[in-house]
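Hi everyone, and thanks for coming. Please have a look at the picture on the screen while I get my notes in order.

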Amino acid sequence: MAGLFITFEGGEGCGKSTQIARLRGRLEAGGHSVLQTREPGGTELGESIRQLLQHDSAGHGMVPEAELLLFAAARAQHVHETIAPALADGSIVLCDRFMDSTTIYQGVARAVDPRQVDAINHFAVGATRPDLTILIDLPAEMGLIRIRQRGAGQLDRMEQEAIEFYQAVRQGYLDLAAREPKRFVILDGSQEVETLENQIGALVEARL
Ligand code: Z5A
């Protein structure tokens, strides 16, 4: 039996991690087998690439093309080693970011040629595509306030861009969701945590 592949997308601090943990709890309580994972990451190789992309001093000055290929390399390993096998076993896979993050962060905010981004995305994931993508939409300013409060001043490489970068990310996601209305559901990330949790729970129940 094939499982269900659900991805969560949105700008910094929109509440993806919080909601994924809650949804996982709900689904497991209902007897479902769930794999919770994230990008970049989800494998030993992917976590090492994450370190390089976000924290390692070797990443300073990284060109957008190198950044794109590193995210794609981590994703290819993640799909083959972790996501596809879990789906083949019938699990529900909850993934914090997936290929849409590359479409938006590298293809829109970093302005890498979107045709190249699409080709590399497709090469990395093959036929493994999300069944449902939950976009948690939040004004960039609100998300950045949240992560600055959470991080007590410690921001990684991807969290140190100008506000225009995160505004482009937000608009890019809204445009992408409008182009793919069957796969995307947009939720208002400024709502209370519990309100969002109930909306997501109802959405996923309806898909099961
Ligand atoms: N990136 C890329 O460029 N290309 C790619 O292909 C991929 C990624 C895959 C990964 O960052 C970075 O890599 C990301 C995109 C880029 N970068 N940027 N910039 P990450 O994995 O370290 O972080 P993130 O994905 O951006 O998530 P986050 O910042 O950890 O936020 P979140 O998971 O969406 O939110 P949260 O941790 O659940 O909540 C943030 C805070 O807000 C926390 O203190 C919560 O308690 C609070 N919160 C959550 N929900 C609420 C509500 N509803 N109300 C009030 N407060 C809330």
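I'll talk about the ligand and its surroundings, and then about a few individual residues.

Please keep in mind that this is a predicted model.

Where does the ligand sit? The ligand is found in the largest pocket. Which elements give two or more residues to the shell around the ligand? They are helix H1 (16-29), helix H2 (44-54), helix H3 (64-88), helix H4 (99-109) and helix H6 (140-151). H4 gives the largest share of that shell, four residues.

There are 28 residues around the ligand, and those that come nearest are Glu12, Ser17, Thr18, Thr102 and Met158. If you sort the shell by type, you get eight nonpolar, ten polar and ten charged residues.

Now let's look at some distances. In the side chain of arginine 50, an N or O atom is 2.9 Å from an oxygen atom of the ligand. Arginine 97 also has a polar side-chain atom by an oxygen atom of the ligand, here at 2.6 Å. With glutamine 191 we turn to the backbone: one of its backbone N or O atoms lies 2.9 Å from a nitrogen atom of the ligand. And how much of the ligand does the protein bury? Taken alone, the ligand exposes 1100 Å², and the protein buries 84% of that.

Let's stay with arginine 97 for a moment. You can find arginine 97 in the loop between strand E3 (92-96) and H4. Is arginine 97 buried or exposed? Arginine 97 counts as buried, because its relative accessible area of 13% is under the 20% cut-off. Its backbone is worth a look too: phi of arginine 97 is near 75°, a positive value in a residue other than glycine. Why mention that? Most residues other than glycine have a negative phi.

Alanine 111 is another such case, with a positive phi of about 60° although it is not a glycine. Alanine 111 lies in the loop between H4 and helix H5 (114-125).

Next comes glutamate 39, in the loop between strand E2 (34-38) and H2. Its relative accessibility is 6%, so glutamate 39 counts as buried. What does its side chain do? The side chains of glutamate 39 and arginine 75 are joined by a polar contact of 2.6 Å. Glutamate 39 also has a cis peptide bond to proline 40, with omega about -10°. Proline 40 is found in the loop between E2 and H2. As background, most peptide bonds are trans.

Back to H4, where we find threonine 103. Threonine 103 has a relative accessibility of 17%, so it counts as buried. Its side chain makes a polar contact of 3.2 Å with the side chain of asparagine 121.

Last, arginine 26 in helix H1. Arginine 26 is partly exposed, with a relative accessible area of 36%. How far apart in space are arginine 26 and glutamate 197? They are 171 residues apart in sequence, while their C-alpha atoms are 9.6 Å apart in space.

Definitions and conventions. Residues numbered from 1 in each chain as written. Predicted model: local features only at pLDDT ≥ 70, side-chain atom pairs only at ≥ 80, totals over all residues. Heavy atoms only, no water. Near = heavy atom within 4 Å. Polar contact = N/O pair within 3.5 Å; in protein donor to acceptor, adjacent residues only side chain to side chain. Areas by Shrake-Rupley, 256 points an atom, 1.4 Å probe, with all protein chains shown as cover. 1 Å grid on protein atoms, 1.4 Å probe; cavity = no way out; pocket = protein on both sides within 12 Å on 5 of 7 lines; lining within 4 Å. Sits in = over half its atoms within 2 Å of the grid points. Nonpolar A, V, L, I, M, F, W, Y, C, P; charged D, E, K, R; others polar. Buried < 20%, exposed > 50% of the residue type's maximum accessible area, 1.4 Å probe, protein only.
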